[in-house]
Amino acid sequence: MPRDLFERELEQLQNEMLTMAHAVENALTDAVAMLAQRDMEGARALIARDRAINQQRFDLEAQCLVVVATQQPMASDLRIVAAILFNVNELERIGDYAKGIAKINLRIPPEPLLQPLADLPRMAEITRAMLHSALDAFVRRDVALARAIPRQDDAVDALFEKVNQDLLQLIIADSRVTAQANLLMWAAHNLERAADRVTNLCERAIFTVTGEFVEMDADEPGQTD
Amino acid sequence: MTDPKIQIENVSYEYEGARALRNITLDIAPQRITVFFGPAGGGKTTLLRLINRLNDLAEGTKMTGRIRLDGQDIYASSADVTTLRRKVGMVFALPLPLPGTIRENVIYGPKLAGVRAARQLDEIVERSLRQAALWDEVHERLDAPANALSGGQQQRLCIARSLALEPQVLLLDEPTSGLDPLSTNKVETALQEMKKNYTIIIIPHSVQQAARLADYAAFFLQGELIEYRAGREIFTTPRDQRTEDYVTGRFG
């Protein structure tokens, strides 16, 4: 095969993107677990871990550019490289959402949470699973899977609504809890946004195979930014 | 395409019994660059030559179908080859400057066509060399021998020589295959300027060049037209697997 070297380079790019995605997945669920356990030390470490994720993104971007310059990919090869460039950017942003939750953890004074967190870890788990599947769909060029994933976003949106309602009720009952409740709402918001970004990854997985830009409807009830 | 400059209709071509082209139908847009590309032996050069009737005298060949320029059948018995070739210029892979000066090369065609007035010939020299993006490099030494020019300059001189006859269509068969990247870039830039005035069909020397130049691109494989679409589509999202395999370098 005349393109052996190129095939290897593409595979390596994909593998490194998966490594980065794995770090982002862990950051999401860890950030929420640390919040639930009020683990401040862990939160600080997670913020430091995000710098490594950011660096991975720059490294992968640079590698993609080298592949474009040296191999001049065309057609589906070009779409794969373009999608990786796009995906690492989205992953980096999802990593930022996890970091945001760690920062929220640090901003809440060392006091118990208003109520045990059940819905936030659930949101984080679903988002993590969606993210994992989206990258799977990309690597396997599985359009059907990529199309199915965004539907799971509805569950994340529903939990987001529920968290907001619950916290609002607590504020109404006792306005002294407003500060913490507000921060927890932001944590939920971060998870909801992270799941929306997974939808973008699904769009790229489809684009890689079909060459068509399709907009997956990630109904965004909580979008305020 | 509302008003094609050239219409190729169901053209087949046999060479000593072998089918070199099979039922090719495509329209060429005016004032655009159309690229014919594909692996060797695909028929792209054959088709290019048919548009200029360069295969008329080849023995053991048979052509069927029709090629129209501005709606007129160029193979009709009433059609005149000389007239056709004034309208349709051709540039080959190897630059072949005629013996003589830069200036003599450019005015060779117009003089044959009967242009005698010195001022008119001067105008032709400047216009043609400017359009071929060579004027700035040679205008102070128009009487220097043409073969003293670099390869890239010689090729642009050959393009200028074609343009001197004010053709409507320019056919180029791998015009930069022997040129370094800088000269290639100059020729490509000249072509992008020239398409404002001319209809250009080019056989590129690489897929990358095809992608850089093509407003439209036709992929040929073993005498068949596999895919013909806008350049920006065919190199990012080819529809046919064979096109995909070729542009991604998996065969050819």
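The legends below describe close-up views of a predicted model.

**View 1**
Helix H6 of chain A covers residues 153-173. Its 21 residues should span 30 Å at 1.5 Å a residue, and the C-alpha atoms at its ends are 30 Å apart, which agrees. The buried residues of H6(A) are Asp153(A), Val156(A), Asp157(A), Leu159(A), Phe160(A), Val163(A), Asn164(A), Leu167(A) and Ile171(A).

**View 1. The largest nonpolar core and one of its residues, Leu91(A).**
This core has 70 residues. Leu91(A), Leu120(A) and Met123(A) are the residues with the most contacts inside it. At least two residues of the core come from each of these helices of chain A: H1 (4-37), H2 (40-71), H3 (75-107), H4, H5 (143-148), H6 and H7. H7(A) supplies the largest share, 14 residues. Neighbours within four places in sequence aside, Leu91(A) is in contact with Met17(A), Met20(A), Ala21(A), Val24(A), Leu131(A), Leu135(A) and Leu201(A). A second, separate core has 49 residues, among them Ala146(B), Leu149(B), Val187(B) and Ala214(B).

**View 2. The open sheet of four strands in chain B.**
The strands of this sheet stand in the order E2-E1-E4-E5, and their pairing is antiparallel. E2 and E5 (72-73) are at the edges, where each has a single partner strand, so one side of each is left without a neighbour in the sheet. Strand E1 (residues 6-15) is joined to strand E2 (residues 18-28) of chain B by seven bridges. Eight bridges pair E1(B) with strand E4 (residues 61-69) of chain B, also in the antiparallel sense. Two positions show how E1(B) and E4(B) line up. Ile8(B) stands opposite Ile67(B) in E4(B), and Glu9(B) stands opposite Arg66(B) in E4(B).

**View 3. The hairpin of E1(B) and E2(B).**
Two residues lie between the strands of this hairpin. Tyr15(B) has Ala18(B) in E2(B) as its bridge partner. Glu16(B) takes a positive phi near 45° in the hairpin.

**View 4. Positive phi at Asn10(B) and at Ala133(B).**
Most residues other than glycine have a negative phi. Asn10(B) is not a glycine, yet its phi is positive, at about 50°. Asn10(B) lies in strand E1 of chain B. With a relative accessible area of 43%, Asn10(B) is partly exposed. Ala133(B) is not a glycine either, and its phi is positive, at about 60°. Ala133(B) is found in the loop between helix H4 (118-131) and helix H5 (135-138) of chain B. Its relative accessibility is 37%, so Ala133(B) counts as partly exposed.

**View 5. Gln154(B), a residue of helix H6 of chain B.**
In chain B, helix H6 covers residues 151-163, and Gln154(B) lies in this helix. Gln154(B) counts as buried because its relative accessibility is 13%, and the cut-off for buried is under 20%. The side chain of Gln154(B) reaches the backbone oxygen of Asn147(B) at 3.4 Å. Apart from neighbours within four places in sequence, Gln154(B) is in contact with Pro95(B), Pro97(B), Ala146(B), Asn147(B) and Leu149(B). Of these contacts, Ala146(B) and Leu149(B) are included in the second core, the one of 49 residues.

**View 6. Pro167(B), in the loop between H6 and strand E7 (169-173) of chain B.**
Pro167(B) has a relative accessible area of 5% and is buried. Residues up to four places away in sequence are not counted in the following list of contacts. Pro167(B) touches Arg86(B), Lys87(B), Val88(B), Gly89(B), Ser162(B) and Tyr198(B). Pro167(B) and Thr83(B) are 84 residues apart in sequence, and their C-alpha atoms are 10.0 Å apart in space.

How values were computed: Residues are numbered from 1 along each chain as its sequence is written. Chains are lettered from A and ligands numbered from 1 in the order in which they are written. This is a predicted model: local features need pLDDT of at least 70, side-chain atom pairs count only at pLDDT 80 or more; totals for chains, interfaces and linings use all residues. Side-chain values use heavy atoms; hydrogens and water are left out. Buried means under 20% relative accessible area, exposed over 50%, partly exposed in between (1.4 Å probe, protein chains only). A polar contact is a pair of N or O atoms within 3.5 Å; within protein, one must be able to donate a hydrogen and the other to accept it, and residues adjacent in sequence count only if both atoms are side-chain atoms. Contact means heavy atoms within 4.5 Å. The expected span of a helix is 1.5 Å times one less than its number of residues. A nonpolar core is a set of buried Ala, Val, Leu, Ile, Met, Phe, Trp, Tyr and Cys residues joined through side-chain atoms within 4.5 Å. Two strands pair if DSSP finds at least two bridges between them.
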